[in-house]
Amino acid sequence: MAVAESLDMPVAKAGSELIRQRVRAAWIFLAPMLVVLAMVAGWPLLRSIYFSFTNASLTNIEGAQWIGFENYLSVTTLKSGRVIYDGLLVDPLWWQSVWNTVRFSVVSVVMETIIGMMVALVLNAEFRGRGIVRAAILIPWAIPTIVSAKMWAWMLNDQFGIINDILLHLGLISTKIAWTANADTAMLAVLVVDIWKTTPFMALLILAGLQMIPGDIYEAAKIDGVHPIKVFWKVTLPLVRPALMVAVIFRMLDALRIFDLIYVLTANNSQTKTMSVFARENLFDFDKFAYGSAASTMLFLILTVITVVYIIVGKVNFEGGR
Amino acid sequence: MADLLLRGIKKSYGNVKVLHGIDLDIRAGEFIVFVGPSGCGKSTLLRLIAGLEDITAGTLQIDGQVVNQLAPSKRGIAMVFQSYALYPHMTVYDNMAFGMKLAKGHDKSEIDKRVREAANILQITPYLDRLPKQLSGGQRQRVAIGRAIVRDPKVFLFDEPLSNLDAALRVATRIEINKLHESMPGVTMIYVTHDQVEAMTLADRIVVLNAGRVEQVGPPMELYHNPANLFVARFLGSPSMNTMPCTVVSGGANPVVKPDGCDPIVVQATIPVSAAGAKATFGVRPEDLDISTNGEAIFRGKVDIVEQLGEVTLIYVDVGAPEPIVAKIPNDTVIAKGDTVALTSERRHLQVFDENGIAYPRT
Ligand SMILES: Nc1ncnc2c1ncn2[C@@H]1O[C@H](COP(=O)(O)OP(=O)(O)OP(=O)(O)O)[C@@H](O)[C@H]1O
Ligand SMILES: [Mg+2]
């Protein structure tokens with residue numbers, strides 16, 4: 001025993017020294033990124049949260065005073081005994097934009113996942129010219145959102161848009177429709193454009209997951225005589241699930257804070273106003289800087305809660321491997 | 001019980017011709033081993049039989065039925081892949097039961113019985129609830145074999161099933177596969193390998209493939225002792241047969257050949273009289289060469305390399321030819337690099353191949 005112990009000791013020491021060196025190296029490599037993140041993400045975030053507890057306005061940011069939770073909820077009791085609630089949490093416009101955002105996110109992410117999965121399955125098959133198709137499919141994703149939003153705005157234009165033109169010629173509609181301005185169709189228009197734009201991203205993430213699945217188990221399934229549809233549900237889907245879950249959370253986070261597409265395509269339409277648009281409006285257009293900060297903070301909170309719930313419920317594995 | 005009949009089987013991928021007309025009769029219950037150098041088309045042939053690839057031309061019959069167009073699952077075959085091909089997200093039990101569960105017409109108790117039986121045979125019962133990633137390579141391979149057994153196939157197909165295992169495990173699993181074959185008379189097994197030992201020990205008959213053609217079919221020892229041609233002669237045996245260009249001095253009774261740079265020797269082969277003067281190839285296996293003690297010798301030369309393998313010693317003798325002559329000699333022979341030796345062999349071990357590499361039959 002004594003011999004073994006005296007032999008073990010130096011080994012253990014060397015090991016921990018090695019680990020210490022590695023940890024130090026890791027911190028050195030991480031430090032620049034942490035500093036930059038703190039400056040461009042951490043600081044603004046903290047400032048926004050701070051402003052949401054003040055009465056700051058665009059003209060008077062420096063002189064902002066702490067007012068506690070007033071921006072979120074203020075309760076005033078009038079002399080008559082009536083109690084008046086005010087603030088973000090009882091603002092119907094805010095809740096309308098929360099509902100818009102959630103509706104938009106769920107529909108767009110579900111559609112993108114389904115279509116993306118189909119596209120990925122096709123791209124995963126062997127066929128001539130697969131490389132070109134794979135590259136081509138990325139184009140909608142590669143175009144900057146502002147550009148593609150402008151492009152679609154023109155295509156959807158009620159007077160000159162090609163979409164109205166085509167639908168009229170096909171006899172599907174009888175009069176031109178103002179797709180982006182109309183309350184009934186604005187959300188649909190935004191959804192179509194977003195799905196068009198981000199399905200490639202989904203498809204590529206899923207494709208990467210599909211390519212991790214060894215091909216020989218499909219041959220085993222063939223010999224087992226399993227129907228291709230059953231193979232999809234029982235083999236492909238369970239195996240691609242980890243990649244799929246990560247892809248969905250990426251997209252979900254993106255969709256929940258959507259701003260640019262809606263700002264360009266359907267500005268001021270209450271049917272498509274999302275949390276981000278609501279926050280920006282208050283921050284800069286309505287000179288309610290503190291109120292907008294409160295909306296931003298709420299958006300941040302909602303995103304965090306949804307992400308955490310999703311990761312726990314979905315048992316998402318970010319570490320990779322099986 | 002399943003006979004397999006292959007007639008003129010061809011396979012090409014686009015312009016690449018991989019198999020050039022394979023004819024083969026496989027009897028029910030036989031253990032057939034495909035061997036051949038890498039890229040010769042062994043796996044392709046196996047996959048054609050399995051139905052994982054389309055047959056370009058020719059017919060494949062199993063049990064008298066042409067199965068060219070039949071789906072793999074309907075051919076009564078089971079396949080064990082080199083990479084195991086287990087479903088990574090399913091337990092060992094589910095891996096084995098998956099095919100049966102999804103094929104209609106098996107009730108739960110029947111599936112359970114079959115899976116447990118197979119698990120018993122292969123001694124993997126303790127691992128039934130584990131995932132493949134929680135098993136060692138050898139255990140995974142047994143699960144793959146178990147999955148094949150559960151299918152209750154008429155024909156078992158193995159594609160290099162042992163190549164991912166270490167040497168000791170390979171021997172153990174080889175023996176298990178042999179036992180499995182004996183315990184299932186009537187089940188045909190087709191086994192692809194490039195390991196000669198596996199081929200020699202497992203096969204009832206070996207099929208030697210080369211560049212998409214069958215070179216020879218026969219029982220292992222038959223192929224070893226009477227190779228039909230130079231390719232088979234060189235391919236089987238380790239180290240491979242010593243070969244050397246020679247000239248036929250005379251044919252007929254007591255034919256004589258003269259290996260280049262050596263003395264003429266009498267061989268026991270049927271060489272026609274008309275072959276006199278023709279170019280040929282002379283061959284002798286390393287284990288058939290002995291160090292001569294009476295001065296009579298086929299080859300003389302200096303020992304270049306001495307390899308002591310333990311049970312035997314290999315010596316590489318430079319006889320002036322481009323390739324050294326290898327001899328397998330007893331491990332107690334005292335010999336050192338640089339020694340001059342004379343190598344001899346019994347006449348019955350000598351082989352002669354004609355200009356095209358076809359063996360002159362031995363008498
Ligand atoms: N999908 C394919 N397309 C084109 N050529 C192929 C394809 N699959 C196999 N080949 C070619 O067919 C030939 C035979 O391949 P095969 O896999 O049957 O060889 P093998 O005898 O099993 O070799 P190994 O011992 O290395 O496994 C090879 O030359 C290979 O390049
Ligand atoms: Mg192969």
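Analyst: Start with a definition: a residue is buried if its relative accessible area is under 20%. By that rule, 52% of the 363 residues in chain B are buried. Keep in mind that this is a predicted model.

User: What else describes chain B, in helices, strands and box dimensions?

Analyst: Chain B has eight helices and 20 strands. Its C-alpha atoms fill a box of roughly 75 × 45 × 35 Å along the principal axes.

User: How many aromatic pairs are there over all chains?

Analyst: The structure holds 21 of them. Take Phe156(B) and Phe158(B), whose ring centres are 5.6 Å apart with planes at 10°.

User: Why is the pair of Phe156(B) and Phe158(B) called stacked?

Analyst: Two cut-offs decide. Centres must lie within 6.5 Å to pair, and planes under 30 degrees apart count as stacked. The values for Phe156(B) and Phe158(B) are 5.6 Å and 10°, so the pair is stacked.

User: Are Phe156(B) and Phe158(B) buried or exposed?

Analyst: Both Phe156(B) and Phe158(B) are buried.

User: What makes a cluster in chain A, and which residues does it link?

Analyst: Ring pairs make the links. They join Tyr50(A), Phe51(A), Phe53(A), Trp66(A), Phe69(A), Tyr72(A), Phe284(A) and Phe289(A).

User: How do you know that the charged end of Arg285(B) sits over the ring of Tyr224(B)?

Analyst: The rule asks for CZ of Arg within 6 Å of the ring centre and within 35 degrees of the ring normal. The charged end of Arg285(B) is 3.9 Å from the centre of the Tyr224(B) ring, and it is listed as sitting over that ring. Lys288(A) lies over the face of Tyr291(A), at 4.5 Å from the ring centre.

User: Which residues surround ligand 1?

Analyst: Among them are Tyr13(B), Val18(B), Lys42(B), Ser43(B), Thr44(B), Glu160(B) and His194(B). The shell has three nonpolar, six polar and two charged residues. Helix H1 (residues 42-50) of chain B gives the most to this shell, with three residues.

User: What makes Ser43(B), Thr44(B) and Glu160(B) polar contacts of ligand 1?

Analyst: The limit is 3.5 Å between N or O atoms. A polar side-chain atom of Ser43(B) lies 2.5 Å from a ligand oxygen. For the side chain of Thr44(B), the distance is 2.5 Å. For that of Glu160(B), the distance is 3.4 Å. Each value is within 3.5 Å, so each pair counts as a polar contact.

User: How much of ligand 1 does the protein bury?

Analyst: Taken alone, ligand 1 exposes 640 Å², and the protein buries 59% of that.

Definitions and conventions: Residues are numbered from 1 along each chain as its sequence is written. Chains are lettered from A and ligands numbered from 1 in the order in which they are written. This is a predicted model: local features need pLDDT of at least 70, side-chain atom pairs count only at pLDDT 80 or more; totals for chains, interfaces and linings use all residues. Side-chain values use heavy atoms; hydrogens and water are left out. Rings of Phe, Tyr and Trp (its six-membered ring) pair if their centres lie within 6.5 Å; planes under 30 degrees apart count as stacked, over 60 as edge-to-face and the rest as tilted. Buried means under 20% relative accessible area, exposed over 50%, partly exposed in between (1.4 Å probe, protein chains only). A residue is near a molecule or strand if one of its heavy atoms lies within 4 Å of it. A polar contact is a pair of N or O atoms within 3.5 Å; within protein, one must be able to donate a hydrogen and the other to accept it, and residues adjacent in sequence count only if both atoms are side-chain atoms. Accessible areas come from the Shrake-Rupley method with a 1.4 Å probe; for residues, only the protein chains shown count as cover. Helices (H or I, at least four residues) and strands (E, at least two) are DSSP runs, numbered from the N terminus. Ala, Val, Leu, Ile, Met, Phe, Trp, Tyr, Cys and Pro count as nonpolar, Asp, Glu, Lys and Arg as charged, and the others, Gly among them, as polar.
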